[in-house]
Amino acid sequence: MTTPRRVFIKTYGCQMNVYDSERMMDVLRPAGFAPADAPESADLIILNTCHIREKAAEKVYSELGRLRMLKDEREKSGRKTAIAVAGCVAQAEGEAIIARAPVVDFVFGPQSAAELPGLVARLDAGERGMVATDFPADDKFDALGEKSAPAPQVPVTAFLAVQEGCDKFCSFCVVPYTRGAEYSRPAERILREARLLAEKGAREITLLGQNVNAWHGEGTDGRTWTLARLLEALAEIDGLARLRFTTSHPNDMEDDLIAAFGRNDKLMPYLHLPVQSGSDAILKAMNRKHTAADYLRLVEKIRKAREDIALSGDFIVGFPGESEEDFAATMRLVEEADYAQAYSFKYSPRPGTPAAEHADQVAEEVKTARLARLQALLSRQQEDFNARFSGKVMDILLEKPGRYPGQLVGRSPWLQAVHVDAQGRRIGGIVTVRVEKTGKNSLSAHIMDKEAAQG
Ligand code: SAM
Ligand code: SF4
């Protein structure tokens, strides 16, 4: 048997990239690759990149600088190293990456991962500088094939891409350009992949999509299914205990999906529903196509269906033309919506997007000051949300080892990390705990069922 070549994939950005990296590994295994623990021991290094903000893209170039030295070092001892750039920076910049960082052997976009074995074969034949950034007519997920059998085990909490791309064209966002048009995978494929994940040990699945709640497709009964109907079918899979989905757009939050939070026992009470801004003028300029009041009404409706829902969101501060008054409206919306957790960013002009051309860019120091104020408020809300669970009893899914021996990290239904004392072999189990301590980022708890703790 020949020894496998080693590949190291470094993933930047969103969960969709994490999923894509797993799929790259799936197509590389049959081509004779095994995962490397570190770039130092890899024959092939892939950077799966994110283009959503400038900082994210710049990180890639500094990493490529470090990898150039690593490649030189390895070559001195007669070991060849190939370097590839994948993901959204690859899609957006293509050949320009190789021009700026000649250490890169080839580049491929998010829709071209299935071409990876072919690109490696061309590299082996002596070719360099390949760029694969077309949007193929075929379904990317089909081209990647079924989640292949060789993957030894999947994590207890797995991701499953159900939708990709976006047609909404928010004026700040590169996704419609880097990921292409909105596409929903057929229900049957999703169910098959979910069954496979469950057979290999997944207890929780998070459905992924840039606008996951826009998912729709032909169901196994020949009818058009919505995401709520798909979640019902997924709930019937043996072994799967928990379902989640992310990220949702407010305008696609249909009534049946809202109702699912009250009806589908396996659907966890957590919803990531970005609003970006609380100012109607800014929302309009962002092309979000809803108002702040629409969003707050929607949140109220969701809380009626599931009172304890943990609400999460995304915010952009310093969008072009954002006045102090606009920002104050965002702070008011946050006060009213009351988030369990949220992500917030300084607006970053992305080449090729309409907002980047705006004359009215906000000064960097203003963005920094506003972000600090918003993050202080969001942090306080997160801490308060967690504090409400002090002394409460809940079921957690034991997910992975903790930082200390004898400690495991579990997930609450509301996606909080929960630290408990328990043996490693309990990973994958759901146990009942009582919360002892709460903090901003996690909870500590003890397992109420003694057998589970020791067993
Ligand atoms: N589809 C989701 C939605 O519509 O809310 C979000 C997808 S986007 C990949 C993730 C987040 O990145 C956005 O919600 C937004 O807050 C942030 N983002 C996107 N473009 C940005 C930009 N140019 N500057 C700063 N943040 C940005
Ligand atoms: Fe980007 Fe989301 Fe807007 Fe689509 S809906 S353009 S992914 S922010």
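At 35% relative accessibility, Glu127 counts as partly exposed, because that label covers values between buried (under 20% relative accessible area) and exposed (over 50%), with a 1.4 Å probe and protein chains only. Its partner is Arg122, and the two form a salt bridge with closest N and O atoms 2.8 Å apart. Arg122, at 38%, is partly exposed too.

Welcome to this predicted model, where local features need pLDDT of at least 70, side-chain atom pairs count only at pLDDT 80 or more, and totals for chains, interfaces and linings use all residues. Residues are numbered from 1 along each chain as written, chains are lettered from A and ligands numbered from 1 in the order written, and side-chain values use heavy atoms, leaving out hydrogens and water.

A salt bridge here is a side-chain nitrogen of Lys or Arg within 4 Å of a carboxyl oxygen of Asp or Glu. By this rule the count comes to 29, including these:

| Pair | Closest N to O |
|---|---|
| Lys71 and Asp105 | 2.9 Å |
| Arg122 and Glu127 | 2.8 Å |

Lys71 and Asp105 are both buried. Salt bridges also link Arg23, Asp26, Arg29, Arg185 and Glu193 in a network.

Now to ligand 1. It is surrounded by 18 residues, each with a heavy atom within 4 Å of it. Polar contacts are pairs of N or O atoms within 3.5 Å; within protein, one must be able to donate a hydrogen and the other to accept it, and residues adjacent in sequence count only if both atoms are side-chain atoms. A polar backbone atom of Gln210 lies 2.7 Å from a nitrogen atom of ligand 1.
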